[in-house]
Amino acid sequence: MEENTRLTLSEASMEDIKHLVSDRAIQGETVLLNMGPQHPSTHGVLRLLLELDGEEVVNCVPDVGFLHTGIEKNMEAKTYMKALTMTDRLDYLNNLGNNLTYSIAIEKLTGLDVPPRAQAIRVILAEFQRIASHLIFLATTGLDVNATSVWMYCFRERELILDIFEMCSGQRMMTSFIRPGGIWRDVPVEFEDAVRSFIKIFPSRIDEYEALLTNNPIFIDRTVDIGVLTPEDALNWGVTGPMLRASGVDYDLRKTNPYMGYEQYDFEVPTRSEGDTFARYIVRMDEMRQATRIIEQALDKLPYGPVRSNNRKYVPPPRSELGTSMEALIHHFKLWTEGFSPPKGSVYAATESPRGELGVYLESDGGPKPYRVHFRTPSFTNLQVLPLLSRGHLVADIVMLIGTVDIVLGDVDR
Amino acid sequence: MGIEQKVGDMGVVTTSLEHVVNWSRTRAMWPMLFGLACCAIEMMSAQAANYDMSRFGMELMRASPRQSDLMIVAGRVSKKMAPVLRRLYDQMPAPKWVISMGDCASCGGIFNNYAIVPGVDEVVPVDVYIAGCPPRPESLIHGVVTLYEKVYGEKITDWA
Amino acid sequence: MTDKIESIVGSIKAGFSAGEYKFRGEISLLVKPEQIVEVCQVLKDEHNFQQLTEQTAVDYWPEQKPRFHIVYKLRSLDDNLIIGLRVPLNGNAPTLPTIEGVFKNANWFERELWGMFGIHIEGHSDLRRIVTPYDWEGHPLRKDYPLGYEEVQYSFNFDEIDLRKPYAKE
């Protein structure tokens, strides 16, 4: 490995990057600074090449790929059910959302039905995942502005949510709980009490965070008018999610293309018009409140019934049937060894993840393994806007901008 | 051994130099921030209020390798990241230890393909491996305490 | 299929003699590589498709003609429509004109096509690899590129793998 480190270290010479930096850098007027893959504020392994004129940023070039895992190619070698466990690890702050989008794509491809109880539980868990992801956004934003108590408080709430996930599925983060046809198994009896106690205390906790940050003059100085994104730029660069809604475009996939029964729940989509960092922060805080509303409504309306589809060609039977029914045993065997084979064709299914539009393009050739699966991840598209946002700002603002775009490097590099 | 029992009236303790050196190294070991992927989130959870790691001496995570003793490699190491990892390890001053946290850092995890280095021990020498995907914060704390037991058994000439 | 998308599809088919492909409520148009920039411009200006949602490729090796199908998905936010475009490409030195002038976020999508599939994009401002290291050889997402496999170390073959695994030295 010793020789390899010297040879493969991707050091670019001036010739390679001449077309990326302005002429002033080549003359020596501006400084090229590397904000390397290991940095406390880059939220993962992101490398930025900054071109600085004193303290002001002239250009910033992101260099991604330090977490490339080859998930898409690896999924082509596994059956559909085994590939589901790999989707957890893509956007590792939105595990259940990734499972959900992949399951919706398979259900669209095969024409599977999902029973109403499973739909309601999927909605509850997806909204919990949204709250957990926004809590990490708040924690890291607070940490970058040096408001460390916000970080501690957010992780305290996140532990409550992770306890709920562990109660359902046994795992705190990589649950693989949402599967094609429904969910893995029914939620235990303690679920309802735990969720209700969380909903009772959470709105007051959001008020606590707002009391610490929203009217704080230091926070306002660091976020208002930083990184303004106009709506035309946002649409042209393909930005989705809270970044788009903070710039004034009211578009949320849960309202326009409802999936999993979102049309029955009454919630608002927060929008602001300024398009700066402060607006994005307010949009995400309001989304946490709306998510609590959705969870409460879904829990009140939770119907009784099965949690998995009855279509035994695609969904394995519950284990209790295996002792009595021969067909159940044969289906179980075939599904867990060979896997199911959807019809030939291609679909695109999209859901609203906490970062934006998460889409799965799934193409099948009639075999048990996915022929081509591509994840249209929101962070990959949203990160392209960073050079545009950072022109003219100071180096300290770059830290806030990376936090406000809310990228997860597992999403960008896949 | 010596330190807890032999506190005399004059406040004099007698023990071996090796013991004191190892004891002081474990009581304030500062980790370097090297969170790569999902395991980094569990490392952050372990640092936060519920599973507090600062009671084990790891009060803060230093970003600079020159000021840290311990590197917790948390997450999957891709082939593009491996030279960066080695360079950072070389920049850490001795004595230094490495904990490989999670399945992907220990053995490649569930990924067996062209893009991931199968086990970070091909890049840096590892002292403690922690299993799990991702390991619970309690597993991380258990791994840290195992490292402390390993440090107690070291000799002065190891790092001299 | 609603009337609006039927009329849009009809006008594109008539204007560019494109093929049509329908599956599970989604509609895709088969377009030739030379026409793709014009089709995207028409869809953006006249029919108000504001965002490029997805641009990826599928490899049909060992078929060589066509070997790749490039898939585009365009979304209209105001009318709430999504339309797909498929461009077939041959396997021998595939090239594709860039739509970066129409939709700016095609920049990174096309860099990924170049790095992962080897499809050269004409007119791109900055064609380098994006997620693999810059000096990587080969194009990983092609079907004839191997997945890369390392033998799993169980207890029965622990020692023999232990001997040949390249452990790092100090």
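**Notes on the contacts of chain C**

1. Chain C and chain B have four residue pairs in polar contact, both residues at pLDDT 80 or more (a pair of N or O atoms within 3.5 Å; within protein, one able to donate a hydrogen and the other to accept it, with residues adjacent in sequence counted only if both atoms are side-chain atoms). This is a predicted model, where local features need pLDDT of at least 70, side-chain atom pairs count only at pLDDT 80 or more, and totals for chains, interfaces and linings use all residues. Residues are numbered from 1 along each chain as its sequence is written, and side-chain values use heavy atoms, leaving out hydrogens and water.

2. Staying with chain B, 19 residues of chain C are in contact with 13 residues of chain B (heavy atoms within 4.5 Å). The two chains bury about 1400 Å² (accessible area, 1.4 Å probe, lost on being put together and summed over both).

3. One salt bridge crosses the interface of chain C and chain B (a side-chain nitrogen of Lys or Arg within 4 Å of a carboxyl oxygen of Asp or Glu). Glu122(B) and Lys165(C) form a salt bridge with their closest N and O atoms 3.4 Å apart.

4. Now to chain A: 48 residues from chain C meet 55 residues from chain A. About 4300 Å² is buried here, with 52% from carbon and sulfur atoms.

5. Chain C and chain A share five salt bridges. Glu363(A) pairs with Arg86(C) in a salt bridge, the closest N and O atoms lying 3.4 Å apart. There are also 27 residue pairs in polar contact between chain C and chain A, both residues at pLDDT 80 or more.

Technical notes: Chains lettered and ligands numbered in written order.
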